[in-house]
Amino acid sequence: MQNDMPIDVTQFIQSPQLGEGEGDLPRLLAVTGPLVGASFVIATETATIGRDATNSIQLSAAGVSRQHCTIIREQDGGLSIVDEHSTNGTIVNGRRLKGAASRRLHHGDTIEICESTFFFLNAQAAAAAAEAEISIDLGAASKEAHSFLKDCSDILSLSKARRKK
């Protein structure tokens with residue numbers, strides 16, 4: 001029996017639970033629709049979603065095209081999604097993909113295909129982005145501290161010069 005009730009995915013976005021051997025591989029978590037609760041690891045260069053049995057993720061629901069959309073691994077290791085000219089479109093974060101234009105996927109993005117919604121989970125990319133953000137903040141703080149110390153040094157120099165007079 002399939003469960004079409006949405007599930008609470010907050011725990012998966014904050015701390016994705018990966019199965020044995022999955023490491024930090026990106027994946028799609030079905031949160032609504034006929035596959036609700038299913039998790040699909042994206043370990044290959046391309047992953048296809050559609051009604052046809054040859055797809056990586058077969059989504060046998062009304063309105064889903066045979067070859068609905070494709071997730072593609074880019075040269076830098078990131079993932080993008082492209083709609084394969086489906087009849088009812090692919091929606092990412094509330095925006096419909098236009099034509100053959102691809103859209104870069106980020107941790108926590110939502111992908112809607114007819115009555116199904118998936119969350120894109122990529123813990124490794126989320127951790128790398130957080131680390132880069134922290135490094136940038138530390139770099140800015142270091143510049144501010146250096147500027148502050150230089151100002152202090154200048155003030156001390158002026159103070160010593162006044163005492164000598």
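**Surface, strands and core**

Tutor: The accessible surface of the chain comes to about 10500 Å², and 53% of that area belongs to carbon and sulfur atoms. Please keep in mind that this is a predicted model.

Student: How much of the chain counts as buried?

Tutor: Of the 165 residues in the chain, 31% count as buried.

Student: And how many helices and strands does the chain have?

Tutor: There are two helices and eleven strands, and in sequence order the chain follows the pattern α-β-β-β-β-β-β-β-β-β-β-β-α. As for contacts in the chain with a separation of 6 or more, residues 24 or more positions apart account for 37% of them.

Student: Which strands form the open sheet, and in what order?

Tutor: Five strands form an open sheet in the order S4-S3-S5-S6-S9, with mixed pairing. Its edge strands are S4 (57-58) and S9 (102-104), each of which pairs on one side only. Within the sheet, strand S5 (residues 69-73) and strand S6 (residues 79-83) run antiparallel and are joined by five bridges; Cys 69, for instance, has Asp 83 in S6 as its bridge partner.

Student: Take Ile 71, then: what does it touch?

Tutor: Ile 71 is found in strand S5 and is buried, with a relative accessible area of 1%. Leaving aside residues up to four places away in sequence, Ile 71 touches Leu 28, Ile 42, Glu 45, Thr 46, Ala 47, Ile 49, Leu 79, Ser 80, Ile 81 and Leu 105. Ala 47 is 24 residues from Ile 71 in sequence, while the C-alpha atoms of the two are 5.1 Å apart in space.

Student: Ser 80 is on that list. Is Ser 80 buried or exposed?

Tutor: Ser 80 counts as buried because its relative accessibility is 4%, against a cut-off of under 20%. The place of Ser 80 is in strand S6, and its side chain is joined to that of Glu 74 by a polar contact of 2.8 Å. With residues up to four places away in sequence not counted, Ser 80 touches Thr 70, Ile 71, Ile 72, Glu 74, Ser 102, Arg 103, Arg 104 and Leu 105.

Student: What about Arg 27: buried or exposed?

Tutor: Arg 27 is buried, with a relative accessible area of 3%. Arg 27 is found in strand S1, and its side chain makes a polar contact of 2.8 Å with the side chain of Ser 39.

Student: Now S11. How many of its residues are buried?

Tutor: Six of its six residues are buried. Both faces of S11 are covered, with Ser 116, Phe 118 and Phe 120 on one side and Thr 117, Phe 119 and Leu 121 on the other.

Student: Which strands pair with S11, and over how many bridges?

Tutor: S1 pairs with S11 in the antiparallel sense over five bridges, and Ala 30 has Phe 118 as its bridge partner there. S10 also pairs with S11 in the antiparallel sense, over four bridges, and here Glu 112 stands opposite Thr 117. The hairpin of S10 and S11 has two residues between the strands, and Cys 114 takes a positive phi near 55° in that hairpin.

Student: Phe 118 keeps coming up. How many aromatic pairs are there?

Tutor: The count comes to one aromatic pair. The ring centres of Phe 40 and Phe 118 are 6.4 Å apart and their planes lie at 65°, so the pair is edge-to-face, for which the angle has to be over 60 degrees. The pair links distant parts of the chain, since Phe 40 is in strand S2 (residues 39-41) and Phe 118 in strand S11 (residues 116-121), 78 residues apart. Phe 118 itself counts as buried, at 0% relative accessibility.

Note on methods
Residues are numbered from 1 along each chain as its sequence is written. This is a predicted model: local features need pLDDT of at least 70, side-chain atom pairs count only at pLDDT 80 or more; totals for chains, interfaces and linings use all residues. Side-chain values use heavy atoms; hydrogens and water are left out. Rings of Phe, Tyr and Trp (its six-membered ring) pair if their centres lie within 6.5 Å; planes under 30 degrees apart count as stacked, over 60 as edge-to-face and the rest as tilted. Buried means under 20% relative accessible area, exposed over 50%, partly exposed in between (1.4 Å probe, protein chains only). Two strands pair if DSSP finds at least two bridges between them. A polar contact is a pair of N or O atoms within 3.5 Å; within protein, one must be able to donate a hydrogen and the other to accept it, and residues adjacent in sequence count only if both atoms are side-chain atoms. Contact means heavy atoms within 4.5 Å. Accessible areas come from the Shrake-Rupley method with a 1.4 Å probe; for residues, only the protein chains shown count as cover.
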